Amino acid sequence: MQFSNLLTTIAIYALPVVFAITLHEAAHGYVAKHFGDTTAYVLGRVSLNPARHIDLVGTIILPLAILLVSTLFNMGGFLFGWAKPVPVNYHALRRPRQHMMWVAAAGPAANLLMALGWGLALKVGLTAGLGGGFLVEMAKAGIVVNVVLMLLNLVPILPLDGGRVVASLLPPRMSDSYARLEPLGFPILLALLFTNVLGVVLYPMVAGSIHLIATAFQLPLLSAL
């Protein structure tokens, strides 16, 4: 029974996770192109095709492992993953400091739009009487996954998008000092993740964001991971 539940969970979350992670990266490339940097566009990364952005470990193996552990041991936790980073040539942007902020913010903004899109899909599904069906459960997963990834990426730690936004807003000298901390960012993030400090901090914001989406679409209350 547990194995069957695991397969069902993977099937429900697979599409939302892949699109949440990969279209997040595509949004970075699209906005960079808008502001003058065609690096990602030339490499074919300004694309809605997930295959162009999938990273075997970050997009598939790690999220799958988190779902596996969460399902088998009945544990909560935040889905975590990444796609192939979209290359951005900072100096090719027309106004590098200002425009880099918008390039960074594009990823979380894409997740917000996808969360709202899944919210609309869930509303349509429930209105059509599909409550409890596979597509309805996938829509619920899509809301949760995108809200989690949006807020996770807004954490002000480099190399996350929130860190890029902070670096763009700081005065130049402070921004340079802040940027030098980037090599420590990923180890810090992993430490916060595995000690559940990140979960404690983000959970209220995730729950509140999901509640707002549920209220906006007049949906039943949804729980975060």
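**Helix α4 and what follows**

I began with helix α4, residues 96-127, which has 32 residues and reaches 46 Å from its first C-alpha to its last, close to the 46 Å expected at 1.5 Å a residue. I keep in mind throughout that this is a predicted model. Going along α4, I found a kink of about 35 degrees at A106, shortly before the proline P108. Just after α4, I noted that G129 takes a positive phi of about 80 degrees.

**The chain as a whole**

I then stepped back to the whole chain, which has 9 helices and 0 strands, so that its pattern along the sequence reads α-α-α-α-α-α-α-α-α. For the overall dimensions, I looked up the box filled by the C-alpha atoms along the principal axes, and this is roughly 55 × 35 × 35 Å.

**Backbone exceptions**

Which peptide bond is cis? The bond from L158 to P159 is cis, with omega near 10 degrees, and I placed P159 in the loop between α5 (134-153) and α6 (161-169).

N196 has a positive phi of about 70 degrees and sits in the loop between α8 (182-194) and α9 (197-216). Is N196 buried or partly exposed? With a relative accessible area of 44%, N196 is partly exposed, since that value falls between the 20% and 50% limits. For Q218, I read a positive phi near 55 degrees, and I found this residue in the segment after α9. Q218 counts as exposed because its relative accessible area is 65%, where the limit for exposed is over 50%.

**A nonpolar surface patch**

Last, I looked at the surface, where L56, V57, I60 and I61 form a nonpolar patch with about 350 Å² of accessible area together. I checked V57 within this group: V57 lies in helix α3, residues 56-72, and V57 is partly exposed, with a relative accessible area of 43%.

Methods: Residues are numbered from 1 along each chain as its sequence is written. This is a predicted model: local features need pLDDT of at least 70, side-chain atom pairs count only at pLDDT 80 or more; totals for chains, interfaces and linings use all residues. Side-chain values use heavy atoms; hydrogens and water are left out. Patches are made of residues with over 30% relative accessible area and no salt bridge: like charges are joined within 9 Å, nonpolar side chains (Val, Leu, Ile, Met, Phe, Trp, Tyr) within 5 Å. Accessible areas come from the Shrake-Rupley method with a 1.4 Å probe; for residues, only the protein chains shown count as cover. A salt bridge is a side-chain nitrogen of Lys or Arg within 4 Å of a carboxyl oxygen of Asp or Glu. Helices (H or I, at least four residues) and strands (E, at least two) are DSSP runs, numbered from the N terminus. Buried means under 20% relative accessible area, exposed over 50%, partly exposed in between (1.4 Å probe, protein chains only). The expected span of a helix is 1.5 Å times one less than its number of residues. The bend at a residue is the angle between axes fitted to the seven residues ending there and the seven starting there.
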